[in-house]
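Please read them with the structure open.

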Amino acid sequence: MKTMVALAVTAAFVLAPALAQDKPAPPPAWKQGMPDKMKDSKLAPHAGKMTETPASDIPISKARLPKGFKAEVWASGLPGGRAMALSPDGKKVYVGTRAIGRVYEVSDEGGKRSVRVVVDKLTQPAGVAFHKDALYVFAIDKVLRFDGIADSSGAQPVDLTEKFNLPKEQHHNWKYVAFGPDGKLYVPFGAPCNICEPPKEYAQIRRYNADGSGMEVIARGVRNSVGFDWHPKTGQLWFTDHGRDWMGDNGPQDELNRLTKVGQNFGFPYCHANGIVDADFKKKDACKGVTRPVALMGPHAANMGVKFYTGKMFPAEYRNTMFVARKGSWNRTTPSGFDVVNVRIGEDGKATVRPFMTGFNESKDSYKFWGRPAYVQQMPDGALLVSDEQLGAIYRVSYGK
Amino acid sequence: MQARRRWAVLLTALFFGVAHGKHEQCLACHGPDGNSLTARIPSIAAQPRLFMENQLVLIREGLRPSPEMFPFVKDLTDAEIVALAKQISALPAKPTQSSPEDPALLKRGAELGRKLRCRSCHLPDYGGQNQIPRLAAQREDWLEPVMQEFRDKPRPGGDTLMAAVLYGVSDADIRALAHFLSRSSAPAPGR
């Protein structure tokens, strides 16, 4: 089994010689590590939608929230929209995508929103972040900077690609990017597989100076992180990481991690979640020296965007707690995720996870979802935006009258 | 030759486009019932609805370069694409063979279909699902160059997983697969 996985990984991701005619072909990246007993499994990644969904076709009334909160469709017509970046003046939101290759700009025009495409034809431009007045866009193979974009719809990009030395594998290398309190740009490089011993450029989070210089690997053993934020008081980096597939319905669970020291190792590919040893890649003392997660975030739940809430609109108990969007599982016979959860960290450092925005999947036992929440963004008035990658929409969650 | 064929395709489609709605415009090239009668033009009947939507968007956005298709697709709105995909996915598929049957190729193709695990995404009847196309009863002279293209020139917007599956597969095996798939029974429409 191990040989088969290793073979598959080599063939798919390293420049292997042409396969001999009678050897089995590499399975697609998302099937690597699948045990023989699951080879007839019908589980497969859910299809995305690349066309606009009119606001009138979005069943937002099915979303459930704690008492006193409400959700409305804030913007629609952004197929594939996921990570959001707020302009410094708080008036425009920039939204990255994957397959459709676009970055959107959503302008709030007193009660209604307009959407335009800022740039298109890119290879999965999922990462968007502001540094002063400049919007950074990270595609898998390209980095663009749009100076002063929020004030000028004609802003032309500066191509920074060469400065960032992006490795070539595409799988799990779409980005979430953000500038930290230290003014540095944080960029994840996922493992280019479900499970493998990846080349040294992958399975890590790096930070750079804003111009792409001064690269430093700050976390290793990170399978696929596409969401992080810094604690408003401690300034520490918290990030989600997706657990591997094909080790059964119940795990290994996604992780919520905290970086307390530069260079920490989070375990991939040998040690997952709270000390689960990998089924395919074995190593002596697999979990030795591995930083354990602060919280387990559900099996296959696809934990995505993370934000600490610092606004004043929500009740005080939400201050400095964290919202995490869980886009929802595919590699599991029954659904997990498809919601936004609220994570509170106690005095003892322990985290409690509770549901916040639910109702996106309409059955406990089967996949009947209408939306897939991917990212959260706090607005200047304290409302919380939630992007829905499935329907290409952004919802606004508010509290009170 | 290539240029002349392109012009012929354009003119035919424009003629039909003026006379009829957009749905008919597609059928001018892709066959009167969505089952292509023309070499190197694919059948689109009974393709999964989402696959059709996605491909039309990818061509319109320039992520899937197609000089033949682009003029027809470039001004389509999302709503028009959704409507077109719905109409076309409901058309029944028919076999469209373009070469004499070769039992050895057929056998080799069937083996490869299992070995390369094509059936896990394209389903055991090769009818496709959601974003994944129907291969059964597709034109052989379309499947062959498309698989070669996936193998040799993966493009932005193209499925990197598909490129990985075909990595290192020989021309002869691609021919056998195309031969076999084109002769697999046409599945029912409506996926």
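In which sense do strand β3 (residues 92-95) of chain A and strand β4 (residues 103-109) of chain A pair, and over how many bridges?

1. β3 and β4 of chain A pair in the antiparallel sense, over four bridges, where helices (H or I, at least four residues) and strands (E, at least two) are DSSP runs numbered from the N terminus, and two strands pair if DSSP finds at least two bridges between them. Within this pairing, A:Y94 stands opposite A:E105 in β4(A).

2. On provenance and conventions: this is a predicted model, in which local features need pLDDT of at least 70 and side-chain atom pairs count only at pLDDT 80 or more, while totals for chains, interfaces and linings use all residues. Residues are numbered from 1 along each chain as its sequence is written, chains are lettered from A and ligands numbered from 1 in the order in which they are written, and side-chain values use heavy atoms, with hydrogens and water left out.

3. The β3-β4 pair belongs to an open sheet of four strands in chain A, ordered β2-β3-β4-β5, with antiparallel pairing. Because β2 (84-86) and β5 (112-119) of chain A stand at the edges, each with a single partner strand, one side of each is left without a neighbour in the sheet. Neighbouring strands of this sheet are turned by 25 degrees against each other on average, direction ignored (axes are lines fitted to C-alpha atoms, for helices over the stretch in contact, and angles run from 0 to 180 degrees between N-to-C directions).

4. The loop between β2 and β3 of chain A holds A:S87, which is buried at a relative accessible area of 2% (buried means under 20% relative accessible area, exposed over 50%, and partly exposed in between, with a 1.4 Å probe and protein chains only). Its side chain makes a polar contact with the side chain of A:D89 at 2.6 Å; such a contact is a pair of N or O atoms within 3.5 Å, where within protein one must be able to donate a hydrogen and the other to accept it, and residues adjacent in sequence count only if both atoms are side-chain atoms. Leaving aside residues up to four places away in sequence, A:S87 touches A:K92, A:Y94, A:F130 and A:A150, contact meaning heavy atoms within 4.5 Å.

5. Some backbone values deserve a check, because most residues other than glycine have a negative phi, and most peptide bonds are trans. A:K121, in the loop between β5 and β6 (127-131) of chain A, has a positive phi near 65 degrees and is partly exposed at 45% relative accessibility. A:D285, in the loop between β19 (276-277) and β20 (295-299) of chain A, has a positive phi near 50 degrees and is partly exposed at 47%. The peptide bond from A:G251 to A:P252 is cis, with omega near -5 degrees, and a cis peptide bond also joins A:F268 and A:P269, with omega about 0 degrees.

6. The largest nonpolar core has 69 residues, and those with the most contacts inside it are A:V93, A:L135 and A:I394; such a core is a set of buried Ala, Val, Leu, Ile, Met, Phe, Trp, Tyr and Cys residues joined through side-chain atoms within 4.5 Å. Its largest share, six residues, comes from α3(B). A second, separate core of 22 residues includes A:I60, A:F314, A:M357 and A:V397.

7. As for helix α3 (residues 49-60) of chain B, its 12 residues at 1.5 Å a residue should span 16 Å, and the end C-alpha atoms are 17 Å apart, which agrees (the expected span is 1.5 Å times one less than the number of residues). Since 11 of the 12 residues are buried, α3(B) is largely enclosed by the rest of the structure, and its buried residues pack against α4 (70-73) and α5 (78-89) of chain B. The helix is followed by B:G62, whose phi is positive, near 80 degrees.
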